[in-house]
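Me: I'd like to learn how to read a structure like this one. Could you walk me through it?

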Amino acid sequence: MISRKNEIWAAYQKEIADDHYYFARSCIRQNIFPAAENLYLNILRNVTGKDIYDDARQTTCTGIAYHSGLIPMETIMTVVARQFALMNKAGYENFVVSCVTSFGIYVEMLETWKHFPETEQKTREALKRATGMTFLIPKNLVHASDVIYKFREEIAAKSKYRLVNTNTGESLKVVDHIGCHYAKIFPSHGIGGAEYPYVLAGLIDEWGGQQVDYPERRHCCGFGFRQYLLKSNRGYSVSNSKKKFDSMFPFKPDLIIANCPGCTFFLDRWQYVIAEQEGITYGENGYGIPVLTYEEIAGLLLGYDPWDIGLQTHQVSVEPLLDKIGIRYNPEQKYNGFNGEDIGSPEYPQVLKCI
Amino acid sequence: MPTLYEELEKDVRYREGLKACFNCGVCTAICPAAEVSDYDPRRILNIVQEKDETALEELLKGDEIWRCGECLSCKTRCPRGNTPCYVIQALRGLSIETGFFIESEQGRKQLAIKRTVGDHILKYGYCVYIDEVDLEMYPEQGPVWNWLRENRLSLLHRLNTSYKKDQAGTLRNTNKESLEDLKRIFDETGGTQRFEKIERYSSIKAKELNMDFKEGKDEYFRYLYNR
């Protein structure tokens, strides 16, 4: 069955440029996991030797506002056009998107321009009037994880560690969470399409782990945009994450690898909330299941220090995972500030065990 | 004066999202919102394609169109190539344009989203910004976030970000020119007018409910955000 699925996945590859990328940042990732994007740029530049441009002039794509029913389509379409214009000005034509919501937005705007060419013309006119800018459509537009997927073998070859439990010799059991907007909206823009997304599964396979194929594998994390943004509506969000945790729990995953900044955040934080409200924990011995992004896992395997890449900013402690992989770390440095400054440490939750 | 349907048909998301629905209900079966709330995309698409103005007005004045989480799982699964979520997006836009959004408990919450995400975009150039995310409004952020936020100058420096700096990098200040570009784009494309409409209609509702309505996190905001 698995080999049959693999055959189907293999048919759903997409074009990913080899080099010279323009990097579009993520609002959630920069705030919630503030070391992740620097790590991504560092891996691309210093491990794979690629050129990727980080532009101070870019802004939010406004995707969270758009998907909350707050702004007109014409507005986000023109903001997207400005980002493309900035890419042109910087001399690039390959656009790499750090956020799955944004990735869905960029693809949606490109597809809308194809289906309704008059909207592209109106956008060009609006951008010109508002900013004086013009733009060319990117030659290649991919999600940030697509590039890591493309170079997964090279990363594996340069890694110091594997997704293997050094105590037992067994492959770690890894849950992948793709994020709805990676391929559910436009399947042909995702590696493996919507049915057999392989962008993260390919990393698990290449880096020594084993995939966990649990019933709710493709269910939404529960962001829900306006449903999370309002305190009164957050039951929607935590309910959907809980459905996934309950479904994956019997498979005893060692790790969740997430594609989307929002999903990473929700799968991390809702474990804390469920523990404190319901007394339920999903990891071993009262801990949670660590939730990491694709570049955080790449960074760990490549030998980056876990505290230099910001893993102390996750609510679910990562030490049980580090111990399994055999990664050495200094617990004394985890909660240091700049230049070793003593800035205290977070309070312990009452139920969720943390280090 | 155009009918509500004529207004709806101007939206490309409506035209792209609804060709012909045969009411199989797959969208509702796959929908995370339908599982946890009183939300039924199959029913909504059926109302819309019947082109009944009265029923459409009821939809625009009701809670249901605001329950979608915009995960777009429905797009993948519809056997006829419809996208119920796109229809919802068009309905939400029309509900704000007509002012009907203040008639429902969920619809009127758009003011709280405008005063957080909407205002953050134009103030910071980000939808979400660390300075605005405190535990009172986001308690699920938990103790690690609280520690990070309280020590952000030191910690974000350790993590090599550009927080509060005028240079490229994580959490950099969005420069004045870029913020002005954003504002002009909003002015040019209806974003600013949309925000003004949300504020204007909301002030009417707040007065009706006898609540304090000024700006930011006033009494009406807190009522919408928390309840």
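Me: Which residue stands opposite A:Tyr21 in E2(A)?
Reply: To read a strand pairing, pick a residue and look across to its partner. This is a predicted model, and here A:Tyr21 faces A:Ile52 of E2(A). The strands E1(A) and E2(A), the latter covering residues 52–54, run parallel and are joined by three bridges.

Me: What is the bridge partner of A:Phe23 in E3(A)?
Reply: That's A:Val96. Strand E3 of chain A spans residues 94–97, and E1(A) pairs with E3(A) in the parallel sense too, over four bridges.

Me: Are the faces of strand E1 of chain A covered or uncovered?
Reply: Check the residues on each side and ask whether they're buried, with 20 or more other C-beta atoms within 10 Å. In E1(A), residues 21–24, A:Tyr21 and A:Phe23 are buried on one side, and A:Tyr22 and A:Ala24 are buried on the other, so by that cut-off both faces are covered.

Me: How many residues does each chain give to the contact?
Reply: For an interface, look at each side in turn. Chain A puts in 77 residues and chain B 74. On chain A's side, helix H5 (residues 73–90) gives the most, with six residues. That side splits into 32 nonpolar, 31 polar and 14 charged residues.

Me: Where do the domains of chain B lie?
Reply: Domain 1 is 4–99 and domain 2 is 107–226. Their C-alpha centres are 28 Å apart. Five residues of domain 1 and six of domain 2 make the contact between them. Domain 1's share is two nonpolar, two polar and one charged.

Notes
Residues are numbered from 1 along each chain as its sequence is written. Chains are lettered from A and ligands numbered from 1 in the order in which they are written. This is a predicted model: local features need pLDDT of at least 70, side-chain atom pairs count only at pLDDT 80 or more; totals for chains, interfaces and linings use all residues. Two residues are in contact if their C-beta atoms, placed from the backbone, lie within 7 Å. Helices (H or I, at least four residues) and strands (E, at least two) are DSSP runs, numbered from the N terminus. Ala, Val, Leu, Ile, Met, Phe, Trp, Tyr, Cys and Pro count as nonpolar, Asp, Glu, Lys and Arg as charged, and the others, Gly among them, as polar. Domain bounds come from an automatic or database domain assignment. A residue is buried if 20 or more other C-beta atoms lie within 10 Å of its own, exposed if 12 or fewer, and partly exposed in between; C-beta atoms are placed from the backbone. Two strands pair if DSSP finds at least two bridges between them.
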